[in-house]
Amino acid sequence: MNSTTYQIKSLKGEHTCSHTTENKQADYKYIGKRILHFIEDNPDESLESLKNKIRRDIQAECSFHKVYRAKRYALVLLRGDISQEYKRLYDYCETVVRKNPTSSMVLKVDRSCNPPILERMYCCMSGLRDGFLDGCRPIIGLDGCFLKELYKGQMLAAVGRDGNDNLYPIAYAFVEVEKFDTWDWFLNLLLRDIGSHAERGWAFLSDRQKGLIEAVHKHAPTAEHRYCLRHMYNNFKGKFKGEELKRLFWKAASTYNVKQHFRVMKEIERICPKRGPTQTPFEWLSVVPSAHWARCFFPIRTKCDVIVNNISESFNSYILEARGLPII
């Protein structure tokens, strides 16, 4: 206004500069905001595919590290800050117990640090516990799985079977690592909520995890404890290969007849006799008490003849997406 102005009507000539997609101003926060809605619809998009989309739509060249940070920033905007979730756990547990007074929520923290650091968290909802006690079989599958969010950790879970042989979650716990101490802590709280083995006569089914066998023996020394045959066979075939041994292994484990079980074991001993100090398949199987893996030795009181821990594996698969979300 009140000055000389001019307007370019046309510009003749060819552009000779090379086009560049490198832009330092396009940092991970800017890119994260631009791809926010895409990440909301496709949270599992691979970094390579995301990098190509950024180059095509935003016309910015990014390293995989910047793409990773942009995706994580977009997830923080959508889901909230992962680190802030831990500060809300006290309120979360208090809310659950207030709305479900008989539920069990336990937090174990290291108070030697300031602020305190979460070590473990246990949860047993009253509705799930009561439903399990009223209408499910007395067998409990125990297993652990890894959490995939920023601070890692593992989740231990107790899963039951209802009358239709469907999985029924009972209780779960967040722990730092799977070991005897954490299984001991988890089983102590679990049996406190659902009743002891002497009172209820529980049977346990597990994959022979580290520390779990000792923890079960400590809290329920006379309880039936079955080993998952699929995991047991994976350990067996690592040393002894062959289709004939595989067939005999599963036959010895799945038969309902005790005499048939011993006949199959003798057959395993016959086809692989003792030669030198090397352990034979028969000796390997004899080390594990038959009551833990042979169906013919299972008590009939449980009314369940399962020999694999599929219920726990199915539960871990079912919550696969949730295992990558913030803790709450």
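Analyst: What follows is a short chat about a predicted model.

User: Which residues does the "domain: MULE transposase" annotation cover?
Analyst: Residues 140-235, according to an unreviewed UniProt entry. That span is 35% helix and 34% strand. Its end C-alpha atoms lie 23 Å apart.

User: Let's switch to rings. How many aromatic pairs does the structure hold?
Analyst: It holds 15 aromatic pairs. Take Tyr 122 and Trp 185, whose ring centres are 6.4 Å apart. Their planes meet at 85°, over the 60 degrees needed, so the pair is edge-to-face.

User: Where do Tyr 122 and Trp 185 lie?
Analyst: Tyr 122 is in strand 2, residues 117-124. Trp 185 is in helix 8, residues 180-194. The pair therefore ties together parts that are 63 residues apart in sequence.

User: Are Tyr 122 and Trp 185 buried or exposed?
Analyst: Tyr 122 is buried, and Trp 185 is buried too. Tyr 122 also forms an edge-to-face pair with Phe 186. Here the distance is 5.9 Å centre to centre, with 65° between the planes.

User: What does the pair of Tyr 122 and Phe 186 tie together?
Analyst: Parts that are 64 residues apart in sequence, because Tyr 122 lies in strand 2 and Phe 186 in helix 8.

User: Why does Phe 186 count as buried?
Analyst: Its relative accessibility is 0%, so Phe 186 counts as buried. The cut-off for buried is under 20%. Tyr 122 counts as buried because its relative accessibility is 0%.

User: Which residues form one aromatic cluster?
Analyst: Tyr 233, Phe 236, Phe 240, Phe 249, Trp 250, Trp 284 and Trp 293.

User: Now charges. Which ring does the charged end of Lys 53 sit over?
Analyst: The ring of Phe 38, at 4.5 Å from its centre. In another case, the charged end of Arg 69 sits over the ring of Tyr 28, 4.1 Å from the ring's centre.

User: On to helix 7. Which residues there are buried?
Analyst: Helix 7 spans residues 126-135, and Ser 126, Arg 129 and Phe 132 are buried in it. Seen down the helix axis, the buried residues of helix 7 fall within an arc of 135°, so they line one face.

User: Why would residues a few places apart end up pointing the same way?
Analyst: An α-helix has 3.6 residues a turn, so residues three or four places apart point the same way.

User: And what do the buried residues of helix 7 pack against?
Analyst: They pack against strand 2, strand 3 (136-146), strand 4 (154-162), strand 5 (167-175) and helix 8.

Technical notes
Residues are numbered from 1 along each chain as its sequence is written. This is a predicted model: local features need pLDDT of at least 70, side-chain atom pairs count only at pLDDT 80 or more; totals for chains, interfaces and linings use all residues. Side-chain values use heavy atoms; hydrogens and water are left out. UniProt positions are given in the numbering used here, feature names are shortened, and annotations may be inferred rather than shown by experiment. Helices (H or I, at least four residues) and strands (E, at least two) are DSSP runs, numbered from the N terminus. Rings of Phe, Tyr and Trp (its six-membered ring) pair if their centres lie within 6.5 Å; planes under 30 degrees apart count as stacked, over 60 as edge-to-face and the rest as tilted. Buried means under 20% relative accessible area, exposed over 50%, partly exposed in between (1.4 Å probe, protein chains only). A charge sits over a ring if NZ of Lys or CZ of Arg is within 6 Å of the ring centre and within 35 degrees of the ring normal. The arc is that of the directions from the helix axis to the C-beta atoms. Contact means heavy atoms within 4.5 Å.
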